[in-house]
Amino acid sequence: MAITKIIADSITSGAVANTPAFMAYLDDDVTISDAVTTLVPFNQKEFDTDNAFNTTNKRFTVPTGKAGKYFIHYNVTGGTSPSRLQFVQAILKKNGTQIANNTTDTRNAGFGFFFSVGQQLHLDLAADDYLEVFIHIDPEGSGSYPATIEAFNINTTVFGGHKILT
């Protein structure tokens, strides 16, 4: 049994009280434009205890009465073809404002092909706060090399979290 299934079953059965809890992922590769900050299109949910992750607008919104401290994680995996990657940044926004990011910058060392960027953090969130993950990929040259966000499995391009304290 997959570990995510065990966790989801434990959460929904009430064995674990760290709710709301969610895990969204990308289930198919997506090509994005060069040097454009793009909302990561998480389109599937492995679990979502409070129906707080919306696959239409790609955001997690804290439900009413669920304010508190949360553990949040995100990761975006992908690449460029040909191998011309120079800069990639995964960005977490809260209510539309950037609050965290993780960057890979190969401009002084040559070019890359594959990237995997993300972060884990604890956040104080109020009811109706929303979180979104964006990606900015900049291959060599402007507009000449599209990039792909990849979906090898449900754990490669992923966004999740759970409440840890009130």
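Analyst: Helices (H or I, at least four residues) and strands (E, at least two) are DSSP runs, numbered from the N terminus. On that basis, Thr157 belongs to the loop between strand E12 (147-149) and strand E13 (158-165). The model is predicted, local features need pLDDT of at least 70, side-chain atom pairs count only at pLDDT 80 or more, and totals for chains, interfaces and linings use all residues. Residues are numbered from 1 along each chain as its sequence is written, and side-chain values use heavy atoms, with hydrogens and water left out.

User: Why is Thr157 called buried?

Analyst: Buried means under 20% relative accessible area, exposed over 50%, and partly exposed in between (1.4 Å probe, protein chains only). Thr157 has a relative accessible area of 0%, and therefore counts as buried.

User: What makes Thr77 buried?

Analyst: Thr77, which is found in strand E7 (residues 68-80), has 3% relative accessibility and so is classed as buried.

User: Which residue does the side chain of Thr77 meet in a polar contact?

Analyst: The partner is the side chain of Asn75, at 3.2 Å. A polar contact is a pair of N or O atoms within 3.5 Å; within protein, one must be able to donate a hydrogen and the other to accept it, and residues adjacent in sequence count only if both atoms are side-chain atoms. The side chain of Thr157 also reaches the backbone nitrogen of Thr77, at 3.2 Å.

User: Which residues is Thr157 in contact with, leaving aside neighbours within four places in sequence?

Analyst: Contact means heavy atoms within 4.5 Å. Among the partners of Thr157 are Tyr25, Phe42, Asn75, Thr77 and Glu150.
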